[in-house]
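Please look at the sequence and structure first.

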Amino acid sequence: MIHAVRCNHASFKTVEFRPGFNVVLADRTEDSGRRDSRNGLGKSTLIEIIHFCLGGTIPTAKGLGSRNIRGWAFSLELTLANKIITVTRNTEDRTQVVIDGDTANWPIQPKQQEDQKVLSLEDWKTVLGELTFGLTSENEAKKYKPTFRGLISYFIRRGRDAFSTPFEHHPKQPGWDKQVNNAFLLGLAWEEARDLQLLKDKQKLIAEIKKLKKDTEPGVVIGIFGSLGELEALKVQVEAQLRERKETLNNFRVASQYHELEATANRLTSQIHEATNKKIIENKLLEFYQSSLDSEDEPRPDQVVRIYENAGVELPGLVIRRLEEVELFHRRLIENRREFLGNEIQRIRRQIASRESFIREKTNERAELLEVLKTHGALEEYTMLQENYLDDVANLNEINKRIEELKQFEEQKSTLKIEKEQLLQRARRDYGERNEQAERAINLFSINSRFLYDVPGTLVIDVGSNGFSFRVEIRRDGSEGIDKMKIFCYDLMLAQLWSERDPSPRILIHDSTIFDGVDERQVSLALQLADRESRRLGFQYICTLNSDMVPRSEFPLDFNFDSFVRLRLTDENEEGGLLGISF
């Protein structure tokens, strides 16, 4: 419960609150013009100050972050653990708070500094968590846990965005945070929501690691990724290739003068080709000489005489004797030619035989070199084969590693699925065991909504595949006003529930935003309901309102609205606002 809000600057309008229903009213004066506005008078700033004193941050450079109020110290007088204490926090030094009052039963004791009791901001929030919501130091060490700042933001909604849905106080609030905080506030097993988020983290981590393994370390030669079956098939291929390369390496012989032998073999090949070409030419020439020799016949004189006789010409004896002389000459010529052809044929045959011997010799020599080159290789070739072999070994090792990792991933995924299902079963079982608490919350929400609309609204709590899910329904929902009243009914239900617990915040604060667009009759009923329940159950309800939002004609005669007004802010001048200055 908050007793007062003060400041070390005289211009600030101190506000004192009482148990039950309290109103901070922004009043528009008759002399104010159209351009004057109550939106800058400090209603929302008052809520920011309360949050600031309760360990909240200053969200922007506006409001409490303004340079104009740097060095201002705001104080909150409140009841904490049945003791009235005052906490003071300075906008200049936001890392600590000053405590005044009895702190003997606090879990963390303030330190004495220059006649002041001082707590660090983190320790202050820890104290508030334990003394307000019963959060223990054991919970402080856990991840995805309810915190004082997260829980109090449902009792003191902050900013316009906090009035969008009953189950979140900020539009960027993580899903796990909504589940954990709402489950805790409703008395459900919030630990199940935490454990479910931890499982989700593990699943996300496994997926990220698998993706990282796919995107990085792609192997020496080939990218190694895919399904388990694809990796097994790739493993078989790489193993076969590895065996082939290993056999090649085992049979490989390095020739120290490989390149010289290779050059000699090439030279011998050229010589063999050249000798073969010359042999072909000589064979052709041999055939030609042999043919010429075979066609060389000696002419006979009687053949010439017979030719002339057949022609009817008679040759005298002298001519015949002359022909015999010609025949003798020609015979000698033929003999000389035959002798020449015979000699040439012998020479060419000897040359061909020599070339054939040369070709055989060089061919044998080349064959020996080629056999060496066939069974041996160059050192760099052997090195390259070794590198390829080592690449295959590295690839195989990487494949085996990925296969093992993938098996582990799949096994972990299966294990996490089993754990998740077991967790959901446990959550459903716990929800069944705590059904009485859930029914209490559902019933209170139904009563609150029926008071406003004559029809019961519904608070729905489910345990699904993603954990807890919450929603509220009012039969005539759809308009902005009714959506805001869903939040009002839910928040009031939380205040009602927690008024029955100890420890408890025993407070509910609403900015005027919650009544924007709400029908006057529902505004009247909501304020009357808040007054009745806060008095009945002993918690404090504080709201800020603009004067023209007050549905005076809707109030019953016995409801004296003005008696609940603890502070009036006006737009008459700068002094009429909460801070008493323009900023």
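A salt bridge here is a side-chain nitrogen of Lys or Arg within 4 Å of a carboxyl oxygen of Asp or Glu. Arg6 and Glu16 form such a bridge, with 3.9 Å between the closest N and O atoms. The model is predicted. It holds 27 salt bridges and 21 aromatic pairs.

**Salt bridges**

- The bridge between Arg6 and Glu16 links distant parts of the chain, with Arg6 in strand β1 (residues 2–7) and Glu16 in strand β2 (residues 15–16), 10 residues apart.
- Arg6 is partly exposed, at a relative accessible area of 30%.
- Arg158 and Glu48 are joined by a salt bridge with an N to O distance of 3.0 Å. Arg158 lies in the loop between α4 (148–155) and α5 (175–185), and Glu48 in helix α1 (residues 43–53), so the pair ties together parts 110 residues apart in sequence.
- Arg158 has 22% relative accessibility and therefore counts as partly exposed.
- Glu344 and Arg347 form a salt bridge at 2.7 Å, N to O. These two residues are separated by about one helical turn because they are 3 residues apart in helix α10 (residues 317–375).
- Within this pair, Glu344 is buried, with a relative accessible area of 15%, whereas Arg347 is partly exposed, at 36%.
- A network of salt bridges links Asp27, Arg552, Asp562 and Arg568.

**Parallel sheet**

- Four strands make an open sheet in the order β13-β14-β3-β15, with parallel pairing.
- Strands β13 (507–510) and β15 (565–570) are the edge strands, each pairing on one side only.
- From one strand to the next, the twist averages 10 degrees.
- Strand β3 (residues 21–27) pairs with strand β14 (residues 540–546) in the parallel sense over 6 bridges. Val23 has Cys543 as its bridge partner in β14.
- Helix α14 (residues 520–537) lies across β3 and β14, and runs at about 160 degrees to β14.

**Aromatic pairs**

- Among the 21 aromatic pairs is the one between Phe133 and Phe148, which is tilted, with 6.1 Å centre to centre and 50 degrees between the planes.
- Phe133 lies in helix α2 (residues 121–133) and Phe148 in helix α4, so this pair ties together parts that are 15 residues apart in sequence.
- Phe133 is buried, with a relative accessible area of 4%, and Phe148 is buried, with a relative accessible area of 4%.
- Phe133 also pairs with Trp498 in an edge-to-face arrangement, at 5.3 Å centre to centre and 80 degrees between the planes. This pair links distant parts of the chain: helix α2 holds Phe133 and helix α13 (residues 480–499) holds Trp498, 365 residues apart.
- Trp498 counts as buried, at 4% relative accessibility. The charged end of Arg501 sits over the ring of Trp498, 4.5 Å from its centre.
- Ring pairs join Phe21, Phe488, Phe515, Tyr541, Phe555, Phe559, Phe561 and Phe564 into a cluster.

**Leu199**

- Leu199 belongs to helix α6 (residues 190–215).
- Its relative accessibility is 7%, which is under the 20% limit, so Leu199 counts as buried.
- Apart from neighbours within four places in sequence, Leu199 is in contact with Leu416, Glu419, Lys420 and Leu423.
- Leu199 and Leu416 are 217 residues apart along the chain, and their C-alpha atoms are separated by 6.8 Å.

Notes:
Residues numbered from 1 in each chain as written. Predicted model: local features only at pLDDT ≥ 70, side-chain atom pairs only at ≥ 80, totals over all residues. Heavy atoms only, no water. Buried < 20%, exposed > 50% of the residue type's maximum accessible area, 1.4 Å probe, protein only. Contact = heavy atoms within 4.5 Å. Pairing = 2+ DSSP bridges. Axes fitted to C-alpha atoms, helices over the stretch in contact; angles between N-to-C directions. Phe/Tyr/Trp six-rings, centres within 6.5 Å; stacked < 30°, edge-to-face > 60°. Lys NZ or Arg CZ within 6 Å of the ring centre and 35° of its normal.
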